[in-house]
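Subject: Structure handover and notes

Hello,

Please find the structure below, with its sequence. My notes on what was found follow it.

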Amino acid sequence: MWVGIAILWMASGNAPPSLSPLGQAQAAVAIAQTKPTIPVIVKDTTSLYWQTVLAGARKAGQDFGVEVAELGAQSESDADSQIALLENAVSSNPAAVVIAPAHSVALGRQIDEAAKRVKVVAIDSTADSKALISVLATDNTQAGRIAADALAERIQKTYADTEGDVALMTSSPGVAALEQRVKGFREQIAAKYGALDIVVEKVADGQAAGRDVMLDIIASYPELRGVFVSSLIIAKGAAEALVEHKTNKTGDKINLVGFGSDSQLVKLLQEGTIAALVVQDPFRMGYDGVKIALAASKGDQVPASVDTGATAITKANMNSARSQELLNPDSK
């Protein structure tokens, strides 16, 4: 009874003077428990990208009065760990669940099961499930088109024309997001920049491999003018190679467009080794993921899909307010 009275008094900014310290503590717990809980399950809690997603989720929790439970797998490909996290999260009867599926097929059936009890929102990537209430992710095909435009613009500024040899580098064949970026890049080059010739496409696995593959491309294509690298780790390796070999064999500059950002890539962008970085908005994914999940839990109509956007950042625009938000999400 006293806890119930305390909740009423504390909601109005007061507490009954006769309530004991223990009763006041119990009342505070009771109030906290009235907040809706939304678990946010990411692919990995150690990388800057996923930490930024969780920072966005936390901010949404603060803004909308939601208790955000931050959960993450051991690695980005650990679907089994995510399945266990999802099962445990649903068993706690949350208001809704936000998840970044590590594997489309493996998580699909589990999301189907979870959706029988709670609304499920996907961020960053989708799953083989029709039960997802909303999917918030980068349109990776469009991101590939943005990369093609950025590379073409840089080549135009470097050579006063938009023609010549360019290369594609990616990692982990079979990953849908990477394949979509490559697809968008190819389509945009074919549609708008017919004088640019994609002379080679290479796959590298890891930063060291990215460096070695980039060195091999430079040696094999003496007139190489540009490269698009579709993932962060490989972009770092390719950029390391360009620190050693800034030009092709004919002495002309090689323009590199990478995907993603961290302190090392931003430094290389500032120095001019990298021509542009195509960056996502992981903070928005986390923030809007929680916001939409909360709305869905209340029965509100929510969008089935949201493109959280991609932006090309160059040395020329990297100090703009928007670029700084994307490069330094902790400042939000």
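Glu-187 and Arg-145 form a salt bridge, and their closest N and O atoms are 3.4 Å apart. A salt bridge here is a side-chain nitrogen of Lys or Arg within 4 Å of a carboxyl oxygen of Asp or Glu. Glu-187 lies in helix H7 (residues 176-192) and Arg-145 in helix H6 (residues 140-159), so the pair ties together parts that are 42 residues apart in sequence. Helices (H or I, at least four residues) and strands (E, at least two) are DSSP runs, numbered from the N terminus. Glu-187 is partly exposed, at 33% relative accessible area, and Arg-145 is partly exposed too, at 25%. On this scale buried means under 20% relative accessible area, exposed means over 50%, and partly exposed is in between (1.4 Å probe, protein chains only).

Before the rest, a note on the source. This is a predicted model, in which local features need pLDDT of at least 70 and side-chain atom pairs count only at pLDDT 80 or more, while totals for chains, interfaces and linings use all residues. Residues are numbered from 1 along each chain as its sequence is written, and side-chain values use heavy atoms, with hydrogens and water left out.

The chain as a whole

The secondary structure comes to twelve helices and twelve strands. The chain has 332 residues, of which 48% count as buried. Among contacts between residues at least 6 apart in sequence, 68% join residues at least 24 apart; contact means heavy atoms within 4.5 Å.

The structure holds 19 salt bridges. In one of them, the side chains of Glu-271 and Lys-267 meet at 2.5 Å, N to O. Both residues lie in helix H10, four residues apart, which is about one turn of the helix. Glu-271 counts as partly exposed, at 45% relative accessibility. Salt bridges that share partners also join Arg-145, Lys-183 and Glu-187 into one network. Another salt bridge pairs the side chains of Glu-113 and Lys-116, at 3.0 Å from N to O. Glu-113 is partly exposed at 39% relative accessibility, whereas Lys-116 is exposed at 64%.

The nonpolar cores

A nonpolar core is a set of buried Ala, Val, Leu, Ile, Met, Phe, Trp, Tyr and Cys residues joined through side-chain atoms within 4.5 Å. The largest one has 30 residues, and Met-169, Met-214 and Val-227 are among those with the most contacts inside it. Elements that give two or more residues to this core include strand E6 (164-170), helix H8 (207-220), strand E8 (224-229) and helix H9 (232-244). H9 gives the largest share, six residues. Leaving out residues up to four places away in sequence, Met-214 touches Met-169, Leu-224, Val-227, Ala-238 and Ala-241. Apart from this core lies another, of 28 residues, including Val-66, Val-98, Ala-100 and Val-306.

Two packed helices

Helix H4 (residues 79-91) and helix H5 (residues 104-114) pack at an angle of about 5°, with axes 10 Å apart. Axes are lines fitted to C-alpha atoms, for helices over the stretch in contact, and angles run from 0 to 180 degrees between N-to-C directions. That angle makes H4 roughly parallel to H5, a term that covers angles under 35 degrees. On the H4 side, the residues that meet H5 include Ile-83, Leu-86 and Val-90; on the H5 side, Leu-107 and Ile-111 are among the partners.

Loops

Which residue in the loop between H4 and strand E3 (96-99) comes up here? The residue is Asn-93, which has a positive phi of about 55° although it is not a glycine. Most residues other than glycine have a negative phi. Asn-93 is exposed, with a relative accessible area of 60%.

Asp-124 also has a positive phi, near 70°, and its place is in the loop between strand E4 (119-123) and strand E5 (134-137). Is Asp-124 buried or exposed? Asp-124 counts as buried, at 15% relative accessibility.

Thr-126 is found in the loop between E4 and E5 and is partly exposed, at 41%. Leaving aside neighbours within four places in sequence, Thr-126 is in contact with Pro-101, Ser-104, Leu-132 and Val-135. Thr-126 and Ala-176 are 50 residues apart in sequence, and their C-alpha atoms are 9.8 Å apart.

Regards

Key:
Parallel < 35°, antiparallel > 145°, perpendicular 65-115°, else oblique.
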